[in-house]
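This briefing considers a helix, a pocket and a single strand residue in turn. Please keep the structure in view while reading.

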Amino acid sequence: MAPGEGSLFRFTADLHVHTALSPCAEAEMTPLNIVGLCLENEVDIIAVTDHNSGENVRAVTEFAAGTGVTVWPGMEVQTREEVHLVTLFDNLAALEDWQEHVYARLPDRPNRPELFGEQLLFDGTGAIVGACPRLLLTSVDLSVSDIRREAERRGFVCYPAHIDRPAYSYLANLGFLPPPEEFAVLEISSITSPAEVVRKLPQLRGRTLVASSDAHRLAELGRAGTVLRLAAPTLSEFRKAIAGRGGRRVSLLSESGGM
């Protein structure tokens with residue numbers, strides 16, 4: 001965190017990070033390693049966004065307590081159309097309530113670690129305490145519209161993930177970008193530079209963008225990032241920044257001279 005103007009501060013954020021609960025993530029994505037690398041790379045805020053589950057968010061939050069790294073509860077949901085949406089929550093209770101909603105709409109199938117990978121669970125000390133038995137690497141029986149409407153009703157933040165990717169993105173799977181009135185924020189990935197993404201997708205000009213690592217392994221964490229100018233590292237402040245209230249701002253790290 002760096003001082004800002006007046007009562008606002010500059011926070012570097014990576015709002016799409018997986019733990020070893022996500023079956024396609026490496027076992028090295030533990031609370032210890034994630035928080036340690038955030039400290040090393042001066043990442044102030046992360047969102048833990050595992051596939052269709054929030055079961056490791058509490059562990060990372062507890063491990064990060066007192067370190068200076070703020071953890072926002074999140075989840076990456078795979079919709080019926082196989083579009084990935086990032087969902088962010090004000091607190092663990094809201095995430096856990098949403099998790100019940102998602103789990104009720106996941107296919108009732110067990111995970112097969114030999115095919116899809118382990119789905120490791122941690123406690124607040126960073127120790128492995130088990131594995132999630134249900135298959136997470138699949139689609140829930142909810143559409144993009146279903147989840148967007150629930151976001152509006154429940155008051156959590158929701159936006160399409162890695163829209164510039166050729167798989168599991170809103171653009172690739174639906175063939176167009178959503179209008180701003182449906183999603184105020186869009187996420188771009190670290191595959192190419194933000195400037196190159198906007199060059200290829202000029203319709204992104206003027207839209208509010210976040211750039212996230214979508215880290216599944218430690219080498220990816222901190223590769224891309226977003227700068228948030230906020231009064232405090234909270235999701236309510238992020239909402240104000242999206243709306244541009246009181247000088248709060250969302251910008252890409254490259255636009256702030258950091259990438």
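In this predicted model, helix 8 spans residues 235–243, and its buried residues are Leu235, Glu237, Phe238 and Ala241. These residues lie on the same side of helix 8, because they cover an arc of only 150° around the axis.

**The end of helix 8**

**The largest pocket**
- The space in the largest pocket amounts to about 340 Å³.
- Its lining consists of 18 residues, and those nearest the centre of the pocket are Phe156, Val157, Cys158, Ala184 and Ile242.
- Two or more lining residues come from each of helix 5 (144–154), strand 8 (157–160) and helix 8.
- Helix 8 provides the largest share of this lining, with 4 residues.
- Sorted by class, the lining of the largest pocket holds 10 nonpolar, 7 charged and 1 polar residues.

**Val17 in strand 2**
- Strand 2 covers residues 9–17 and includes Val17.
- Is Val17 buried or exposed? Val17 has a relative accessible area of 0%, and it therefore counts as buried, the cut-off being under 20%.
- Leaving aside residues up to four places away in sequence, Val17 touches Met29, Ile34, Ile46, Ala47, Val48, Thr49, Asp50, Ser213, Ala215 and Leu221.
- Between Val17 and Pro107 there is a separation of 90 residues in sequence and of 24 Å in space, taken from C-alpha to C-alpha.

Terms used: Residues are numbered from 1 along each chain as its sequence is written. This is a predicted model: local features need pLDDT of at least 70, side-chain atom pairs count only at pLDDT 80 or more; totals for chains, interfaces and linings use all residues. Side-chain values use heavy atoms; hydrogens and water are left out. Buried means under 20% relative accessible area, exposed over 50%, partly exposed in between (1.4 Å probe, protein chains only). The arc is that of the directions from the helix axis to the C-beta atoms. On a 1 Å grid over the protein atoms alone, a cavity is a set of points where a 1.4 Å probe fits but cannot get out, and a pocket is an open set with protein on both sides within 12 Å along at least five of seven lines; lining residues have an atom within 4 Å of a point. Grid points are joined across faces, edges and corners, and a volume is the space filled by probe spheres set on the points. Ala, Val, Leu, Ile, Met, Phe, Trp, Tyr, Cys and Pro count as nonpolar, Asp, Glu, Lys and Arg as charged, and the others, Gly among them, as polar. Contact means heavy atoms within 4.5 Å.
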